[in-house]
Amino acid sequence: MSKPATLYNRLALIGVGLIGSSIARAARAQGAARSIVVTARSAQTRKRVAELGIADQVVETNAAAVEGADLVILSIPVGACGTVAEEIAPHLAKGATVSDVGSVKGAIVRDMGPHIPKGAHFVPAHPVAGTEYSGPDAGFAELFVNRWCILTPPDSADKQAVDKLAAFWRLLGANVETMNADHHDLVLAITSHLPHLIAYTIVGTADELQSVTRSEVLKFSAGGFRDFTRIAASDPTMWRDVFLANKEAVLEMLGRFNEDISLLTKAIRNGDGEALFNHFERTRAIRKGIVDIGQDSASPDFGRPHPGLPAAPLPKPYASDED
Ligand code: NAP
């Protein structure tokens, strides 16, 4: 009888926060690897991961984690990936695939790429899925279901290695798309990075107002502000690194945004109801389009899983007789 396919023999996860621990949980639930070995920077996180029992092995060093692994995924802040790639390079197994989950891809290609030795395959990835929570307790196996995972392999990447990593992400429930790293950074600058910057700004602005008390801001937050506070609670280290690493694309999108907000400011000042109405009608259609393609439900939550509601189920692991 056929049993679930095992894509990799040994999956090594460096970093086991929200994303790393979700990969561990999903990979185990789907039987995507024969064994899962993890490590984290701090002894405290390693201890917690061992208690959670979401991996077969918790080891102390990055070098020990990658030893004999055929898939290595870095799930750490973008700014730390280059140093860790340099550290693990001499310990990688021949033929191993090295990947990451960083929210910026140009910087990852630049920082990690030169360290990946010949004989290993470098396939950067970005699962476009997350919550505002961090750490190994925050992860869950269904995080990637029906979300996109974008692969940004360099032109020279081995096709088989890319296809296998794509199959891994599909097994975890994601839809997979491939694009070049610079285009990824431009797309994500407008769909993710700028919205986070706006949320961080508006929550800070509200906090500094003299004429509206903090208790009024909290009390009447359902008027739109609440959704911004959820985004603005996202991890400060991760987002600092995103803006440092995707500077050019974010500045470009910020410029466009400032131009558009000037137009709306002018429409308000001039009492130009038609301009406001037309703009809002256009943006409402975009929202409807996102709901229609299943990337969000009708309630305003910025695409994050709804607390208290069951997450979408993992796909059925496909069966293989090869295994
Ligand atoms: P997280 O929950 O804060 O976990 C971060 C992990 O990285 C922890 O295991 C931490 O170890 C480790 N770490 C932190 N700084 C490090 C350093 N300087 N060197 C080595 N390890 C370090 O973060 P996350 O949300 O999983 O994010 C991880 C990556 O996923 C980031 O690159 C982010 O851009 C990307 N991403 C995040 C989201 C999201 O919504 N959160 C979505 C898609 C992609 P300790 O616990 O021991 O400190």
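## Helix α7 against α10

α7 passes α10 in a left-handed crossing (left-handed if the near helix is turned anticlockwise from the far one by less than a right angle, right-handed if clockwise). The contact (heavy atoms within 4.5 Å) is made by Ser192, His193, His196, Leu197 and Tyr200 of α7 with Trp239, Val242 and Phe243 of α10. By class, these residues are five nonpolar, three polar and no charged; Ala, Val, Leu, Ile, Met, Phe, Trp, Tyr, Cys and Pro count as nonpolar, Asp, Glu, Lys and Arg as charged, and the others, Gly among them, as polar.

Helix α7 covers residues 181-208 and helix α10 residues 236-245, and their axes come within 11 Å and cross at roughly 120°. α7 is therefore oblique to α10 (under 35 degrees is roughly parallel, over 145 roughly antiparallel, 65 to 115 roughly perpendicular, and the rest oblique). Axes are lines fitted to C-alpha atoms, for helices over the stretch in contact, with angles from 0 to 180 degrees between N-to-C directions. Helices (H or I, at least four residues) are DSSP runs numbered from the N terminus.

## Basis of the model

This is a predicted model, in which local features need pLDDT of at least 70 and side-chain atom pairs count only at pLDDT 80 or more, while totals for chains, interfaces and linings use all residues. Residues are numbered from 1 along each chain as its sequence is written, and side-chain values use heavy atoms, with hydrogens and water left out.

## Helix α7 against α9

The axes of α7 and helix α9 (residues 225-232) come within 8 Å and cross at roughly 115°, so the two helices are roughly perpendicular to each other. This crossing of α7 past α9 is left-handed.

On the α7 side the contact involves Pro195, His196, Ile198, Ala199, Tyr200, Ile202, Val203 and Ala206, which meet Phe225, Phe228, Thr229, Ile231 and Ala232 of α9. The residues divide into 11 nonpolar, two polar and no charged.

## Helix α7 against α11

Helix α11 (residues 247-269) and α7 have axes that come within 9 Å and cross at roughly 65°. That makes α7 roughly perpendicular to α11, and the crossing is right-handed.

Asp185, Leu186, Ala189, Ile190, His193, Leu194, Leu197 and Ile198 of α7 meet Ala249, Val250, Met253, Leu254 and Phe257 of α11. The contact has 11 nonpolar, one polar and one charged residues.

## Ligand surroundings

There are 25 residues around the ligand (a heavy atom within 4 Å), of which Arg41, Ser42, Thr45, Ile76 and Ser103 come nearest.

For Ile76, a backbone N or O atom is 2.7 Å from an oxygen atom of the ligand.

Definitions and conventions:
Polar contact = N/O pair within 3.5 Å; in protein donor to acceptor, adjacent residues only side chain to side chain.
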